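Please give a short report on this structure for someone new to it.

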Amino acid sequence: MISLPPLVFPLLLRYSYLSVFLSLAPALQAAVVFMEDYESLTAGELNGQSGTLGISGNWQSNEAITEVVSAPANLEVTLPTGEVISGGNQALQLTGNSNTAISASLSSPQSGTFFVSFLIQLQAGSIQTNDFATLWFGEGTHIGAPAIGIKAELGVGNTDLMGRISGNQEAYAPEQLVVGESYYLVAKVSKTGSSNTYNQVEFWVNPGSGDESTPEAVSTGSISFSEFQDIGIRSANLDSDDVVLIDNLSVATDWNDLFVPEPSSSMLLGLSLLGLFTYRRRLQ
């Protein structure tokens with residue numbers, strides 16, 4: 001066994017702490033302004049519960065059609081670049097129709113380019129024309145607001161997953177919705193050119209972390225929103241046996257914040273050295 005001088009271990013310990021700090025620095029600088037994964041919420045009615053991150057006040061919900069439930073194991077997506085977006089232990093269940101199935105106000109209004117993402121799964125039921133379940137983001141109302149989600153069988157080739165800057169301006173991704181499969185939906189909402197209001201939604205389904213420059217669909221148009229603070233789920237035309245699961249709602253100002261980073265080599269080395277030092281101390 002190689003024996004190291006006594007002073008080496010404190011130096012290794014310092015290096016391990018530095019490595020961990022440097023590898024975590026990007027995460028500490030993350031610009032996630034809102035996140036709801038339902039993990040810290042109480043199972044059952046969502047209405048009146050406080051949010052996980054970035055909500056002003058509490059969630060409002062239609063108690064007849066929404067509930068926090070145990071998430072199935074298949075509520076997750078493995079992306080092309082290896083990141084796993086998982087629904088964890090709990091998710092939101094949606095079983096009916098409402099313009100504001102759930103809604104909340106963000107702590108910080110957004111007026112620049114922002115990204116939104118969430119997991120969605122049609123857990124049970126059937127896919128029929130104009131089945132509708134979307135995440136919208138606006139100022140007090142879903143009317144005229146950007147949205148992403150399910151608007152079934154109305155895209156080219158009867159595709160189902162879309163992003164839109166406003167009503168009737170849908171742009172569809174090529175993926176077909178399949179009952180029991182999960183999808184990670186991502187959108188970039190921006191003001192292009194000299195516009196003072198939002199005028200573009202770029203849309204992806206199950207993108208890799210390197211796909212920001214290649215959206216699957218782009219919706220453009222003029223709307224009245226120059227900022228947004230409210231977020232919600234709208235559903236329509238769902239049948240009584242349709243069950244939609246939604247999880248990992250996020251709003252961020254940087255694309256990379258929507259993806260789980262792989263541990264860096266420096267972080268792994270730092271943790272290994274820290275473990276080695278702790279083990280040596282226990283032997284003394």
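In which strand is asparagine 58 found? Asparagine 58 is found in strand S2, residues 55-61. Strands (E, at least two residues) are DSSP runs, numbered from the N terminus.

This is a predicted model, in which local features need pLDDT of at least 70 and side-chain atom pairs count only at pLDDT 80 or more, while totals for chains, interfaces and linings use all residues. Residues are numbered from 1 along each chain as its sequence is written, and side-chain values use heavy atoms, with hydrogens and water left out.

**Asparagine 58**

Asparagine 58 is partly exposed, at a relative accessible area of 37%. Buried means under 20% relative accessible area, exposed over 50%, and partly exposed in between (1.4 Å probe, protein chains only). Leaving aside neighbours within four places in sequence, asparagine 58 is in contact with Gly48, Gln49, Ser50 and Ser103. Contact means heavy atoms within 4.5 Å. The side chain of asparagine 58 also reaches the backbone oxygen of glycine 48, at 3.3 Å. Such a polar contact is a pair of N or O atoms within 3.5 Å; within protein, one must be able to donate a hydrogen and the other to accept it, and residues adjacent in sequence count only if both atoms are side-chain atoms.

Tyrosine 183 lies in strand S13, residues 182-190. Tyrosine 183 is buried, with a relative accessible area of 4%. Its side chain reaches the backbone oxygen of glutamine 176 at 3.1 Å. Not counting residues up to four places away in sequence, tyrosine 183 touches residues including Val77, Phe118 and Val205.

Glycine 96 sits in the loop between strand S6 (90-94) and strand S7 (98-110). Glycine 96 counts as buried, at 9% relative accessibility. Beyond four places in sequence, glycine 96 touches Ile65, Ser235 and Leu238.

The table lists pairs separated along the chain, with their C-alpha distances.

| Pair | Apart in sequence | C-alpha to C-alpha |
|---|---|---|
| Tyrosine 183 and glutamate 76 | 107 residues | 7.7 Å |
| Glycine 96 and threonine 66 | 30 residues | 7.9 Å |
| Asparagine 58 and leucine 106 | 48 residues | 10.0 Å |

**Two asparagines with positive phi**

Asparagine 237 has a phi near 65°, a positive value in a residue other than glycine. Its place is in the loop between strand S16 (228-236) and strand S17 (243-252). Asparagine 248 has a positive phi of about 55°, although it is not a glycine. Asparagine 248 lies in strand S17. Which is buried and which is partly exposed? Asparagine 237 counts as partly exposed at 41% relative accessibility, and asparagine 248 as buried at 15%.

**Nonpolar cores**

In soluble globular proteins, nonpolar side chains tend to be buried together. Here the largest nonpolar core has 50 residues, and those with the most contacts inside it are Trp59, Leu185 and Leu249. A nonpolar core is a set of buried Ala, Val, Leu, Ile, Met, Phe, Trp, Tyr and Cys residues joined through side-chain atoms within 4.5 Å. The largest share of this core, 5 residues, comes from strand S8 (residues 114-124). Apart from it lies another core of 17 residues, among them Val69, Phe115, Leu245 and Phe259.

Methods: Helices (H or I, at least four residues) and strands (E, at least two) are DSSP runs, numbered from the N terminus.
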